[in-house]
Every structure is written in structure tokens, then in C-alpha cells.
Amino acid sequence: MPRLLRSYVKVVDAINYRLGRVIMYGLFVMVAVLLWSSISKTFFLPSLWTLEVAQFAMVAYYILGGPYSIQLGSNVRMDLFYAGWTVKKKAWFDAFTVLVLIFYLGVLLYGGIGSTAYSLGHFGSEPFIFLKNLVVAFVTGGPEAAGKVIGHIERSPTAWRPILWPIKTIMCLGFLLMLLQAVSELIKDIARIRGEEI
């Protein structure tokens, strides 16, 4: 395998491993929020924010933990036939299935970027141009210039009404990291097919 591909696998695996180890503790954040929700409903006035914060924490936990899960191979498999296959046959099968995963994650990322642009007030058909203009405005003119590019901010239609672009941005980051990890897995599968190990 070329050195560039080996470096790619090493860097992506290291980033997703470290992020995954940190995100594992997000479970405690969800438990704390839901515990406070139960306490406030029992002894005080119910908190408006607890349900949505727990939902946002769950989304971040699930989406940002996805790359680590792919890296560990902890996804669900039908081991009826797979377990008895040779390493090379498994690598061929995994390479095919990871190509399908890469396509799926690409579609999710594209939709997530469009949804994030919508949550920042872009209602047109070119979310990438809008986001590029937003970044350029922020870099050249600061938050005030970026504020002029942003339209009507999308909020949740609940009593608490939190803004939605932060969680949508986290989702896009998670999709991107999963896509990078899937490409890393494809490179490892191709190496196994060739009889190499990365």
C-alpha cells in the first residue's frame, strides 16, 4: 500500500479513536439530564429544556460515536456464513458493503449540509455557496458580517424553542467523520485482499 494511504488510515483512525473514547462519556450527560428532569418534575416546576437537551445529547452521542463503532467493527453482521469465510473472502465482502456505506453516508452528508444551511436562514437551492459566503464573511468581517449573511434562524417548534443549527452542524461533522472512517476501512479491506496488513 502506498505511504499516503497508510498515513490517511493512521490519521483518520487516531482521530476517530480519540473522539470515540471521549464521546463514550456522553452517556453520563444524558443520564444527568434525564435525572434532573425526573427530579424537577417530582419536586419543582418541570424544566422546559430537559427533553430537548437529552435528545440533542443522544444525537451527538450516536452520530459522533458512529466512526468509532465502524472502526471497531461493532456493527451488526449476519455471521451465519461470514464467520466461516477466509480473511480474503471477508475482505472482498466488506469492501463491497463499505462502498454501499460510503454512498449512503455521502447522501446523508449532502442532505445534512442542506438542512444546516436551511437552519441558518438559507432557503435557496445552493447550500454550499451560502455556507461558503457565510465562512468568507465571518473570516473577513467577523461575526457582524456573518450576521448579515444569515437569514431567519430555525428554531424547534416547542415551548423552549432552541436554535437547531448547532445540532445539525454536529450531525454533519459526524457524517463526515463516518465517511472518512468508511474510506479508511475500504483501504484496509483492499490491503487485506492484496495480502497486506495496515
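Visitor: How many aromatic pairs does the structure hold?
Guide: Happy to start there, with the reminder that this is a predicted model. Rings of Phe, Tyr and Trp pair if their centres lie within 6.5 Å. On that basis, the number of aromatic pairs in the structure is 8.

Visitor: Which kind of aromatic pair do Tyr-25 and Phe-28 form?
Guide: The ring centres of Tyr-25 and Phe-28 are 6.2 Å apart, with 25 degrees between the planes. Planes under 30 degrees apart count as stacked. The pair of Tyr-25 and Phe-28 is therefore stacked.

Visitor: Are Tyr-25 and Phe-28 buried or exposed?
Guide: A residue needs over 50% relative accessible area to be called exposed. Tyr-25 falls in that class, and Phe-28 does too: both are exposed.

Visitor: Which kind of pair do Trp-85 and Phe-93 form?
Guide: Here the centres of Trp-85 and Phe-93 lie 5.3 Å apart, and the angle between their planes is 70 degrees. An angle over 60 counts as edge-to-face. So the pair of Trp-85 and Phe-93 is edge-to-face.

Visitor: How many helices and strands does the protein have?
Guide: Read from the N terminus on, the elements run α-α-α-α-α-α-α. The count is 7 helices and 0 strands.

Visitor: What is the radius of gyration of the protein?
Guide: For a compact globule of 198 residues, the radius would be near 16 Å. The C-alpha trace here spans about 60 × 50 × 25 Å along its principal axes.

Visitor: What share of the 198 residues is buried?
Guide: The protein exposes about 12,600 Å², and carbon and sulfur atoms supply 72% of that area. A residue is called buried under 20% relative accessible area. Of the 198 residues, the buried share is 35%.

Visitor: How far apart are the centres of the positive and negative side chains?
Guide: The protein carries 18 positive and 11 negative side chains. The centres of these two sets are separated by 3 Å.

Visitor: Why does Ser-156 count as buried?
Guide: Ser-156 sits in the loop between helix 6 (127–149) and helix 7 (165–193). Leaving out residues up to four places away in sequence, Ser-156 touches Glu-52, Arg-161, Pro-162 and Leu-164. Ser-156 counts as buried because its relative accessibility is 7%.

Visitor: What is the phi of Arg-161?
Guide: Arg-161 is in the loop between helix 6 and helix 7. With 40% relative accessibility, Arg-161 counts as partly exposed. Its phi is positive, in a residue other than glycine, with a value near 55 degrees.

Visitor: How far apart in space are Leu-176 and Ser-115?
Guide: Leu-176 belongs to helix 7 and is partly exposed, with a relative accessible area of 36%. In sequence, Leu-176 and Ser-115 are 61 residues apart. In space, C-alpha to C-alpha, Leu-176 and Ser-115 are separated by 15 Å.

Conventions. Residues numbered from 1 in each chain as written. Predicted model: local features only at pLDDT ≥ 70, side-chain atom pairs only at ≥ 80, totals over all residues. Heavy atoms only, no water. Phe/Tyr/Trp six-rings, centres within 6.5 Å; stacked < 30°, edge-to-face > 60°. Buried < 20%, exposed > 50% of the residue type's maximum accessible area, 1.4 Å probe, protein only. Helix = DSSP H or I, 4+ residues; strand = E, 2+ residues; numbered from the N terminus. Rg over C-alpha atoms; globule rule 2.2 N^0.38 Å. Areas by Shrake-Rupley, 256 points an atom, 1.4 Å probe, with all protein chains shown as cover. Lys, Arg positive; Asp, Glu negative; His and termini not counted. Charge placed at Lys NZ, Arg CZ, Asp CG, Glu CD. Contact = heavy atoms within 4.5 Å.
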